[in-house]
Amino acid sequence: DIDGAIYDYNQAIKIDPSLPFVYNNLGSVKRKKKDWDGAIADYTTAIEKDENYYIAARDVLEETSSLKKYSSRGASDDYLFQNIVGTEKLLTRLNT
């Protein structure tokens with residue numbers, strides 16, 4: 001149950017918002033629901049909580065790939081540009 005998982009992860013964040021893996025897992029669930037913005041936001045938060053959290057960085061890359069596939073299904077160029085450029089900036093910051 002995707003909605004139940006989202007609820008549970010949000011409850012976990014209320015209890016302890018410092019855990020990057022919770023945000024990463026929440027992002028993964030949102031990705032399954034095709035909530036692209038929500039997934040990227042949660043992956044980004046996971047990385048902000050722990051800049052060495054490579055699992056979230058990997059998931060951001062996978063999400064970017066999904067966005068490019070989504071583009072071929074008719075997503076607006078502005079939507080894709082904002083998300084892909086934001087992802088590239090995030091990854092650049094991780095590599096410095």
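In helix H3, the buried residues are Trp36, Gly38, Ala39, Ile40, Asp42, Tyr43, Thr44, Ala46 and Ile47. Buried here means under 20% relative accessible area, exposed means over 50%, and partly exposed lies in between (1.4 Å probe, protein chains only). Helices (H or I, at least four residues) and strands (E, at least two) are DSSP runs, numbered from the N terminus. This is a predicted model, in which local features need pLDDT of at least 70, side-chain atom pairs count only at pLDDT 80 or more, and totals for chains, interfaces and linings use all residues. Residues are numbered from 1 along each chain as its sequence is written, and side-chain values use heavy atoms, with hydrogens and water left out.

Five helices and zero strands are present, and the order of elements from the N terminus is α-α-α-α-α. Of the 96 residues, 38% count as buried. Among contacts between residues at least 6 apart in sequence, 49% join residues at least 24 apart, where contact means heavy atoms within 4.5 Å.

The mean pLDDT, the predictor's confidence in each residue from 0 to 100, is 75 for the protein, and 61% of the residues reach 70 or more. Among the elements, H1 has the highest mean pLDDT (97), whereas helix H5 (residues 77-95) has the lowest (52). Over residues 72-81 pLDDT stays under 50, and for this segment the model has eleven contacts beyond four places in sequence. Where pLDDT is low, the predicted coordinates should not be read in detail.

Helices H2 and H3 can be examined for their spans. The expected span of a helix is 1.5 Å times one less than its number of residues. H2 has 13 residues and should therefore span 18 Å; its end C-alpha atoms are 19 Å apart, which agrees. H3, with 14 residues, reaches 20 Å from its first C-alpha to its last, close to the 20 Å expected. The buried residues of H2 are Pro20, Val22, Tyr23, Asn24, Leu26, Gly27, Val29 and Lys30.

Several of these side chains take part in a nonpolar core, that is, a set of buried Ala, Val, Leu, Ile, Met, Phe, Trp, Tyr and Cys residues joined through side-chain atoms within 4.5 Å. The largest such core has eight residues: Ile6, Ile13, Val22, Tyr23, Leu26, Val29, Ala46 and Tyr53. Helix H1 (2-15) and helix H2 (20-32) each supply at least two residues of this core, and H2 gives the largest share, four residues. Leaving aside neighbours within four places in sequence, Leu26 is in contact with Ile6, Tyr9, Asn10, Ile13 and Asp42.

The C-alpha atoms of Ala39 and Ser28, eleven residues apart along the chain, are separated by 6.4 Å. Asp42 lies in H3, which covers residues 36-49. With residues up to four places away in sequence not counted, Asp42 touches Tyr23, Asn24, Leu26, Gly27 and Lys30.

A search of the whole structure finds two salt bridges, each defined as a side-chain nitrogen of Lys or Arg within 4 Å of a carboxyl oxygen of Asp or Glu. One of them joins the side chains of Asp42 and Lys30 (2.9 Å, N to O). This pair links distant parts of the chain, with Asp42 in helix H3 and Lys30 in helix H2, twelve residues apart. Asp42 counts as buried because its relative accessibility is 8%, and Lys30 counts as buried because its value is 16%.

A salt bridge is also formed by the side chains of Asp3 and Lys33 (2.4 Å, N to O). Here Asp3 belongs to helix H1 and Lys33 to the loop between H2 and H3, 30 residues apart. Asp3 is partly exposed, since its relative accessible area is 46%; Lys33 is likewise partly exposed, at 44%.

The loop between H2 and H3 also contains Lys34. Phi of Lys34 is near 65°, a positive value in a residue other than glycine. With a relative accessible area of 57%, Lys34 is exposed.
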